[in-house]
Amino acid sequence: MDERMLRALVAAGAVKKISIVASGARFHIEARTPNGAVTAETLKGKLKTWVSLDAAARWVRGLGVGAAQVQLTHWQPGQKELI
């Protein structure tokens with residue numbers, strides 16, 4: 001789901017919980033709604049990722065959300081990316 005749609009869901013109160021999820025050396029966003037979980041995507045439909053936790057947190061804060069859960073279970077800060 002792209003940023004515009006996520007903003008609309010947050011404004012409507014449909015987002016119950018936001019999680020910043022680590023995977024390898026990157027972070028992505030998952031939003032819990034009554035219909036299930038959705039992930040933040042780019043306009044091209046690819047998974048939107050960040051290389052730092054603070055950048056992901058700033059993006060979540062920009063959506064108008066003041067609290068987020070951080071999941072670091074699969075975080076590998078030194079992992080190189082596959083191209």
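**Note on the strand pairing**

1. Strand S2 and strand S3 (residues 36–39) pair in the antiparallel sense, and 4 bridges link them. The model under discussion is a predicted one. Within this pairing, Arg-32 has Ala-37 of S3 as its bridge partner. The two strands form a hairpin, with 2 residues lying between S2 and S3.

2. Strand S2 (residues 26–33) is also joined to strand S1 (residues 17–24). These two strands run antiparallel and are connected by 7 bridges.

3. How many strands form the open sheet, and in what order do they stand? There are 4 strands, arranged as S3-S2-S1-S4. The pairing within this sheet is mixed.

4. Which strands stand at the edges of the sheet? They are S3 and strand S4 (69–75). Each of these has a single partner strand, and therefore one side of S3 and one side of S4 are left without a neighbour in the sheet. From one strand to the next, the twist averages 25°.

How values were computed. Residues are numbered from 1 along each chain as its sequence is written. This is a predicted model: local features need pLDDT of at least 70, side-chain atom pairs count only at pLDDT 80 or more; totals for chains, interfaces and linings use all residues. Side-chain values use heavy atoms; hydrogens and water are left out. Two strands pair if DSSP finds at least two bridges between them. Axes are lines fitted to C-alpha atoms, for helices over the stretch in contact, and angles run from 0 to 180 degrees between N-to-C directions.
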